Amino acid sequence: MSADQLVTFAAAIIGGALRVGAPFLFVSLGECLTEKSGRINLGLEGVLVLSAMAAFGGSYLSGSAWIGVLCAACAGALLASLHGVLCSLPRVNDVATGIALMLLGTALAFYLGKPLIQPQALQLPSIALGNWSDSAAVRSALQVNALVPVGLAIAVVLGWAFANTRAGLLVRMAGDSANATRALGYTVSGIRIAATAAGGMIAGLGGACLTLFYPGSWNEGVSSGQGLIAVALVIFARWSPLRCVLAALMFGGAGAVGPALQSIGIGWGYHLFNIVPYVLTLVILVATCRPGATAAGAPGELGAIH
């Protein structure tokens, strides 16, 4: 491999990590916030697909990609709010409800999104990180989604809020001890509904990344299970928003290996490399989860989900 090819390959991996990892970043941050309150949302795949469709439809109908982003956030918040409200009812199982809402979200997206498969919608602007290079391949590889800085800012704000604000401490308390939260006069279900809705709104931005930047179109297979992978990312990140950034970049880089090899003329095994993120998910789950053991950093109430 020549020096130019090495630079192109490295740029493709870095650019791919930022590009492919953007949906992972938003969905994992949304799930991190939700789980910090003591609730798990396995319906994030439905949230991601529905918000992706809403983003594309909003951009197509309004002529503004940013209105599409707003539609995605609202769609994610609404579906997640439904999950939060249902899970606050007596004898309702969080996991079963999440799976049901995953099916509901994907079904709604497929039904409402049928007219959107062929049209083209306005896309989000990109941030050029490769202008330092004379190589067109490097400049093309380092085109970054304009929402990526927003995701990084959300991660920093969440990490700071959990440690330094009243709202963040309430979310953590509800996730660690429901009894202690009630003893102080707070409503656990209200805190969890709010955290779940906010988490869905953040996850909805991941859907906007899919249809308004990369791959930049709406189709029924646009998510490819990224919402479910985000749950594993949160476990791997030990429920830390800042570690979620690193985990998302790692998964994004893994997903970019195939295209990066193609950028330097190596086409062998392209489809094989597409399964790397899923294999990585299995490896992480096996390596970090032990029967009968609680993962470090896990909110105490997650073990009590029924």
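Leu124 is buried, with a relative accessible area of 5% (buried denotes under 20% relative accessible area, exposed over 50%, and partly exposed the range in between, with a 1.4 Å probe and protein chains only). This residue of the predicted model is located in the loop between α4 and β1, where helices (H or I, at least four residues) and strands (E, at least two) are DSSP runs numbered from the N terminus. Apart from neighbours within four places in sequence, Leu124 is in contact with Ala65, Trp66, Val69, Asn145, Leu147, Ala208, Leu212 and Phe213, contact being defined as heavy atoms within 4.5 Å. Between the C-alpha atoms of Leu124 and Ala256, which are 132 residues apart along the chain, the separation is 20 Å.

Because the model is predicted, local features need pLDDT of at least 70 and side-chain atom pairs count only at pLDDT 80 or more, whereas totals for chains, interfaces and linings use all residues. Residues are numbered from 1 along each chain as its sequence is written, and side-chain values use heavy atoms, with hydrogens and water left out.

Met250, in helix α11, is partly exposed, with a relative accessible area of 33%. When neighbours within four places in sequence are set aside, the contacts of Met250 are Phe236, Leu280 and Ile284. Met250 and Val20 are separated by 230 residues in sequence, and their C-alpha atoms are 9.9 Å apart in space.

Three salt bridges are present in the structure, a salt bridge being a side-chain nitrogen of Lys or Arg within 4 Å of a carboxyl oxygen of Asp or Glu. One of them joins the side chains of Arg39 and Asp94, with an N to O distance of 3.6 Å. Arg39 belongs to the loop between α1 (3-36) and α2 (44-62) and Asp94 to helix α4 (residues 94-112), so the pair ties together parts that are 55 residues apart in sequence. Arg39 is buried, at a relative accessible area of 3%, and Asp94 also counts as buried, at 7% relative accessibility.

A salt bridge is likewise formed by Lys114 and Glu220, whose closest N and O atoms are 2.8 Å apart. This pair links distant parts of the chain, 106 residues apart: Lys114 is in the loop between α4 and β1 (126-128), and Glu220 is in the loop between α9 (188-212) and α10 (226-236). Glu220 is partly exposed, with a relative accessible area of 34%.

The side chains of Arg192 and Glu301 also meet in a salt bridge, at 3.6 Å from N to O. Here, too, distant parts of the chain are linked, with Arg192 in helix α9 and Glu301 in the segment after α14 (276-288), 109 residues apart. Both Arg192 and Glu301 are buried.

Helices α2 and α10 pack at an angle of about 135°, and their axes are 7 Å apart. Axes are lines fitted to C-alpha atoms, for helices over the stretch in contact, and angles run from 0 to 180 degrees between N-to-C directions. The helices α2 and α10 are therefore oblique to each other, given that angles under 35 degrees count as roughly parallel, over 145 as roughly antiparallel, 65 to 115 as roughly perpendicular and the rest as oblique. The contact is made by Leu44, Glu45 and Leu48 of α2 together with Gln226, Gly227 and Leu228 of α10. By class, this contact of α2 with α10 comprises three nonpolar, two polar and one charged residues; Ala, Val, Leu, Ile, Met, Phe, Trp, Tyr, Cys and Pro count as nonpolar, Asp, Glu, Lys and Arg as charged, and the others, Gly among them, as polar.

Backbone geometry was also examined. Tyr214 and Pro215 are joined by a cis peptide bond, with omega about 10°, and Pro215 is placed in the loop between α9 and α10. Arg91, a residue other than glycine, has a positive phi near 60°. Arg91 is situated in the loop between α3 (65-87) and α4 and is exposed, with a relative accessible area of 80%. Arg238, although not a glycine, has a positive phi of about 55°. The position of Arg238 is in the loop between α10 and α11 (241-255), and at 25% relative accessibility Arg238 counts as partly exposed.
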